[in-house]
Amino acid sequence: RSTKKKMDQRLVCEWFSLYIPSMLSKSPAIATKGGLQKSGIYASVRCVHWYHAAKHAGATKDDYELFNRQREFGQGEINDKDRFPHLYWNIWKGRTHLQRVIQQWGFTKDHKPEYLRREAEKLAYFMKLDDLDFLEETRPEYSFIDDDAKNAVGYITEDEDDEIMEHVDYGKTYRDACDEYRLMITEDHCDGRPVYEWQVPYGLDEAYGYKQVSTAVDVIGNQTAIDNIQMAWKMVSSGGDAHGGVVLQNQNTMQQICLVEDSHAPQAIKQWQPSTVVVQCGADKLLTQMKSTWSPTNRTDVYGCAVALAWSTFFALSPLWPSSLFLSTATTLGLSAMNGTFLYRTFMHPFDQRLKKVFAAVRATQCEVVLGDWLLEDYDERLSQVQYFDELAASVQGGTSLVGIGDTLSVGLGGIGAGGGGGSVEVAKRGVRDQQNTLDEFLRNAKNLATGNMLHQPKLPELGVDDVSTADGDWMQSYRDSVNNRRVDLLAQVLNNCEGEKILMSVGAVDNMNAEITSMLLQRRLTGQVSIKKPVLKYDTYYERVQVDM
């Protein structure tokens with residue numbers, strides 16, 4: 001019996017040594033050459049255990065794959081893993097756990113996460129092919145417009161332009177349209193922007209020598225400030241104090257506000273000694289641009305100046321330089337004027353110089369700064385959004401055909417327009433006027449290069465006092481005027497919620513309204529003559545996105 005028992009044990013050991021290595025991968029086979037004494041089997045099980053515990057390709061739910069939106073469609077809203085993915089492990093990203101594998105087994109194909117990820121994706125792909133009813137099961141997760149979109153992959157959003165074009169007031173001017181249509185035209189179709197785009201990064205104000213720099217979303221950042229639109233300010237003095245500024249006092253908090261034009265703001269800051277200064281710009285005006293008098297307004301323009309100077313120097317030293325005295329003199333003057341203009345508008349533009357002086361006075365007096373204006377990029381996009389509807393209303397009201405491009409082209413090519421001989425001449429005249437307007441717009445854009453001014457909007461004639469003087473404040477004649485009026489509302493609400501005993505605002509122009517008109521509109525809101533009617537800023541549920549509510 002003892003002999004038979006020893007033979008059975010020997011057979012079991014031989015069976016383990018023959019069959020177990022063939023069932024394992026190459027690396028566990030090397031580890032099990034010593035048999036059971038070196039614990040190779042336990043090491044091999046430990047090696048493959050992390051893979052099987054982490055990835056189950058056939059499971060309905062995968063807890064380890066954090067970013068897979070295809071295996072489970074109804075995961076809900078964006079969570080913390082989507083906002084901060086760098087704080088979480090993702091073992092299917094490639095080389096995440098490869099270093100640990102190298103320490104244990106070396107470079108082996110079977111234990112690289114890339115290889116395992118590819119195999120798992122192949123398995124999941126063929127499992128989807130086996131499910132012939134895959135699209136039908138996921139059908140409720142899609143938003144279909146018509147039958148042609150049923151086989152589309154991805155989400156299909158509804159077209160808001162169709163809703164606008166089907167409205168009964170489509171093509172009407174701002175004065176003739178109803179409130180519902182006005183809101184459809186002027187509202188933000190992108191549901192706002194992230195709040196951090198409106199803010200200055202934390203600690204950057206102290207790094208550049210400011211006491212504190214905040215923005216409109218910082219001042220109007222809670223429900224109390226959002227709802228605080230009732231203003232009770234009374235005019236105290238006008239014209240005599242603070243270099244022609246207007247001083248108002250709050251009847252409840254006894255705070256004072258001084259409205260002064262941006263050209264006189266530096267002297268007013270030094271003499272009036274305010275605790276808070278509101279500058280008419282947003283967070284897009286970087287503190288690096290206002291650091292000193294010679295600070296560039298745009299880093300890209302600095303590179304452009306360097307490239308222009310380099311090419312001008314190369315052309316002057318090359319054999320292509322004209323030998324004629326007249327041509328060489330004209331070329332030198334032209335290149336000098338071009339480079340000088342580019343350098344002047346990059347470093348010494350008058351608009352930016354006024355802002356630089358205001359920021360320098362703020363740094364000298366160490367008062368708090370509030371960038372209380374609308375974010376310029378978002379404001380420009382809103383104007384671009386309503387520009388089409390203003391032009392459409394003007395075309396419909398003037399009786400001009402919306403399809404006149406073919407007539408203009410045919411006249412330009414020497415053909416006959418659709419309206420006969422007289423109509424062709426009229427179309428040709430209109431084409432010449434359009435070309436002149438395009439040239440004027442191009443020259444204006446070139447003039448405003450390297451500044452924070454808008455470059456994408458046609459210039460409008462400036463408004464006077466009579467144009468904005470109405471009892472109820474409803475002076476707007478176009479959708480663009482309504483956007484500008486809402487921008488003034490934002491400035492007024494920021495002033496009404498600012499902290500500090502003495503608040504000074506550097507008032508500038510708003511589109512086609514000069515600083516004097518802007519100051520007058522602000523006074524009417526602060527004194528209660530004109531009501532804002534509803535809060536200007538609108539946040540989402542978690543205060544992560546913000547938009548200017550029209």
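The model is a predicted one. A search of the whole structure finds 8 aromatic pairs, and the structure holds 15 salt bridges. The sheet described here is open and has 3 strands in the order β1-β10-β9.

**The open sheet**

- Pairing within the sheet β1-β10-β9 is antiparallel, and β1 (193–194) and β9 (537–539) stand at its edges, where each has a single partner strand, so that one side of each is left without a neighbour in the sheet.
- Strand β1 is joined by 2 bridges to β10 (residues 545–548), the two running antiparallel, and arginine 193 stands opposite valine 546 in β10.
- Arginine 193 also belongs to a network of salt bridges with shared partners, which joins Arg193, Glu197, Glu377, Asp378 and Glu381.

**Aromatic pairs and the helix α14 surface**

- Among the 8 aromatic pairs found in the whole structure is that of tryptophan 311 and phenylalanine 314, whose ring centres are 5.7 Å apart and whose planes stand at 90°, so the pair is edge-to-face.
- Tryptophan 311 and phenylalanine 314 are 3 residues apart in helix α14 (residues 299–317), and are therefore separated by about one helical turn.
- Both residues of this pair, tryptophan 311 and phenylalanine 314, are exposed, with tryptophan 311 having a relative accessible area of 57%; together with Val307 they make a nonpolar surface patch of about 370 Å².
- Tyrosine 388 and phenylalanine 389 form another edge-to-face aromatic pair, with 5.2 Å from centre to centre and 75° between the planes.
- Within that pair, tyrosine 388 counts as partly exposed at 45% relative accessibility, whereas phenylalanine 389 counts as buried at 10%.

**Tyrosine rings and arginine charges**

- Ring pairs link Tyr174, Tyr181 and Tyr479 into a cluster, and one of its members, tyrosine 174, has the charged end of arginine 182 sitting over its ring, 4.0 Å from the ring centre.
- An arrangement of this kind is also found at tyrosine 379, where the charged end of arginine 487 sits over the ring at 4.5 Å from its centre.

- Aspartate 188 and arginine 382 meet through their side chains in a salt bridge of 3.7 Å, N to O; because aspartate 188 lies in the loop between α9 (179–186) and β1, and arginine 382 in helix α17 (residues 376–398), the pair ties together parts that are 194 residues apart in sequence.
- Aspartate 188 counts as buried at 9% relative accessibility, and arginine 382 is buried as well, with a relative accessible area of 1%.
- A salt bridge of 3.7 Å, N to O, brings together the side chains of aspartate 352 and lysine 285, and since aspartate 352 lies in helix α16 (residues 350–365) while lysine 285 lies in the loop between β6 (276–279) and α14, this pair ties together parts 67 residues apart in sequence.
- Aspartate 352 is buried, with a relative accessible area of 0%, and lysine 285 counts as buried at 9% relative accessibility.
- Aspartate 489 forms a salt bridge with arginine 525, their closest N and O atoms being 2.4 Å apart; aspartate 489 lies in helix α20 (residues 479–497) and arginine 525 in helix α21 (residues 515–526), so the pair ties together parts that are 36 residues apart in sequence.
- Aspartate 489 is buried, with a relative accessible area of 4%, and arginine 525 counts as buried at 3% relative accessibility.

Key
Residues are numbered from 1 along each chain as its sequence is written. This is a predicted model: local features need pLDDT of at least 70, side-chain atom pairs count only at pLDDT 80 or more; totals for chains, interfaces and linings use all residues. Side-chain values use heavy atoms; hydrogens and water are left out. Two strands pair if DSSP finds at least two bridges between them. Helices (H or I, at least four residues) and strands (E, at least two) are DSSP runs, numbered from the N terminus. Rings of Phe, Tyr and Trp (its six-membered ring) pair if their centres lie within 6.5 Å; planes under 30 degrees apart count as stacked, over 60 as edge-to-face and the rest as tilted. Buried means under 20% relative accessible area, exposed over 50%, partly exposed in between (1.4 Å probe, protein chains only). A charge sits over a ring if NZ of Lys or CZ of Arg is within 6 Å of the ring centre and within 35 degrees of the ring normal. Patches are made of residues with over 30% relative accessible area and no salt bridge: like charges are joined within 9 Å, nonpolar side chains (Val, Leu, Ile, Met, Phe, Trp, Tyr) within 5 Å. Accessible areas come from the Shrake-Rupley method with a 1.4 Å probe; for residues, only the protein chains shown count as cover. A salt bridge is a side-chain nitrogen of Lys or Arg within 4 Å of a carboxyl oxygen of Asp or Glu.
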